[in-house]
Amino acid sequence: MAKMWAGRTDGITNKLADDFNSSISVDSRMFREDIQGSIAHSAMLGACGIIKQTEAENIIDTLCDILEDIESGKLEISKSAEDIHMFIEEVLTERIGDIGKKLHTARSRNDQVALDFRLYLGNETDIISDKLKALIGETINKAEEYKTAVMPGYTHLQRAQPITFSHHLLAYAMMFLRDIERLADCKKRICVSPIGSCALAGTTYPTDRHMEAEKLGFDSICQNSIDGVSDRDFAVEFLSAMAQIMMHLSRFSEEIVLWSSWEFKFVELSDAFTTGSSIMPQKKNPDMAELVRGKTGRVYGDLIALLTTLKGLPLAYNKDMQEDKESVFDALDTVKACLDVFCGMISEMKANTENMLNAAKTGFINATDLADYIVGKGIPFRTAYKISGEIVAYCIKNDFVLETLPLDTYKKYGDFFADDVYSAIDLQNCVKRRISEGGTGIQSVEKQIEWVKDKI
C-alpha cells in the first residue's frame, strides 16, 4: 500500500522497513492530543481563510466523531499505520474525501508530533502532581499520628540525635513538594506551541500561530521554527523530574526496607503490600518498596537514553527523535505506578513506637544534649564537647548509658554536674527542647505539618 507521503518516491517500502519505521505502537496513546491539535489547526485554517469555513467545520465535526469512535471502541487504531498522525488523517480522508486532505495545509508531521507530545506531557504533569499530593497527604497523616514518637535520627547510618518519627516523615513530604514545584516549572516550557513551524522553515500561508496556541491552552509559541521542531529540552526536563521523583521514592523505600527488618522493627507493613517466601514460611518481604527502589534505575536509564539520542543531532528534525517518546512514556508509566503503590503502602504502614524509643535509648544520641547542658554551666562548647565525649567513652567501657551513669561519676568530670543533668538528657526532653524553626520539637513539627497542608 502506497503511503500518504508518496510522490518523490513510489511510497512502497519493504515490510521490514515498514515495521522498523512504524511508531504507532508507541504514539497511539496520543490519539486524543493529535485530534485536539488537528481541531485547533482546522479552526485556524478556516478563520484565516486558508480553507473554507464550511470545510473547516466539516473537518472538525468528523474529527470529533473519530475521537468518539476510538474512545468507544467502535474504531480500532490500526497497528499497520505508520504513526497515529497518519492513521487519524487516513480515517478522516476516508470519511470526507478530498476535504480531509486539506487538514495538513500549513503543517508538517515535524511540528505536529512536537505539538502532540507537548500536549500529552502537559496533561500528564497534572496527573503526576495529583498523585504526589495524594502521597504527601498519606505521609502527613502518618506524621500527625506519630508526632510524639521518639526515634533515633541517623547520620552515616550511625545513631546521631533523638528525633520524632513525624519529623523524619516530613522530610519526605518536603521532597515531594519540591517534585510538584519542579513539575509546575517544567510545564511552563512544555506548554509552548510549536505548531506553525512546519517542517523547519515556517510556511507561506498567512497562519495565525497565536490563535492556534490559545485554542490549545498554550500561553506562548516557539519563537524560532527550527527550534520548534527540533527542541526536546522539555522532554529531557520532564524525564529529569521523573528521575528525581524516583530518587526520592527510592530513598524512602530503602528506609522502609531497613525499618521493617527484624534488626530494626521500627515499622510493620500491611500484608497487602508485602509478599511471602516460596520456601521460608516466616518471611514477610517488603517487595513493593524493593521494586520501587529497583525501578529507579529504569527511569534513570530512560533519561540517559534520551540525552544520548539527542547529543549528536544536527538541526532540525531527524528520525532519531522518534525514539523520544518510548523513553518518556516508560518513565511516566513507571512513576505513576510507583506513586500509586507507595501511597497505599504508606497508608497502611504501622510504626512500632516502643522499638523506636528503645533504640533511641542506646547509642548515646543524647550526647550533644549533655554537651549543651555543660555549656549551660558556663563551659565553652569545645571543652564541653570533649568532656561529653570522655563520659561516653567511660560509659561504653563500663556498660552504662548516660541516663544510668551515677551522679558521683558525673561529678568526677566537673563539680558543676547536678541532679538536673538527668532531665537535660531525657530523650523526650531532648526532643521538646529542639525549638528552632524546622526542628524536631513537637511545636515545630506541628507547624511543618500545617505548612505542608497549606502547600497542597
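The stops below pass through charged pairs, aromatic rings and cysteines.

Bear in mind throughout that this is a predicted model.

Begin with the salt bridges, of which the structure holds 29. Select R95 and D69, whose closest N and O atoms are 2.9 Å apart in a salt bridge. This pair connects distant parts of the chain, with R95 in helix α5 (residues 84-96) and D69 in helix α4 (residues 53-72), 26 residues apart. If you colour by accessibility, R95 is partly exposed at a relative accessible area of 38%, whereas D69 counts as buried at 11%.

Next, select E82 and R109, a salt bridge in which the closest N and O atoms are 3.0 Å apart. Here too distant parts of the chain are linked, because E82 belongs to the loop between α4 and α5 while R109 is in helix α7 (residues 109-145), 27 residues away. E82 is buried, with a relative accessible area of 10%, and R109 is partly exposed, with 22%.

Move on to helix α8 (residues 165-190), where R182 and D179 both lie, three residues apart, or about one turn of the helix. Their salt bridge brings the closest N and O atoms to 2.9 Å. R182 counts as partly exposed at 25% relative accessibility, whereas D179, at 1%, counts as buried.

Select Y373, Y410, F416, F417 and Y422 together to display a cluster linked by ring pairs.

Two further selections place a charge over a ring. Show K325 with F117, where the charged end of K325 sits over the ring at 5.4 Å from its centre. Then show R382 with Y385, where R382 lies over the face of the ring, 5.2 Å from the ring centre.

Finish with the cysteines: how many disulfides does the structure hold? The count is zero. Select C222, which is in no disulfide, and display C191 as well, whose sulfur is the nearest cysteine sulfur at 11 Å. C222 counts as buried, at 5% relative accessibility. The last stop is C430, likewise in no disulfide, for which the nearest cysteine sulfur is that of C395, 14 Å away. At 0% relative accessibility, C430 counts as buried.

Definitions and conventions:
Residues numbered from 1 in each chain as written. Predicted model: local features only at pLDDT ≥ 70, side-chain atom pairs only at ≥ 80, totals over all residues. Heavy atoms only, no water. Disulfide = S-S within 2.5 Å. Buried < 20%, exposed > 50% of the residue type's maximum accessible area, 1.4 Å probe, protein only. Phe/Tyr/Trp six-rings, centres within 6.5 Å; stacked < 30°, edge-to-face > 60°. Lys NZ or Arg CZ within 6 Å of the ring centre and 35° of its normal. Salt bridge = Lys/Arg side-chain N within 4 Å of Asp/Glu carboxyl O. Helix = DSSP H or I, 4+ residues; strand = E, 2+ residues; numbered from the N terminus.
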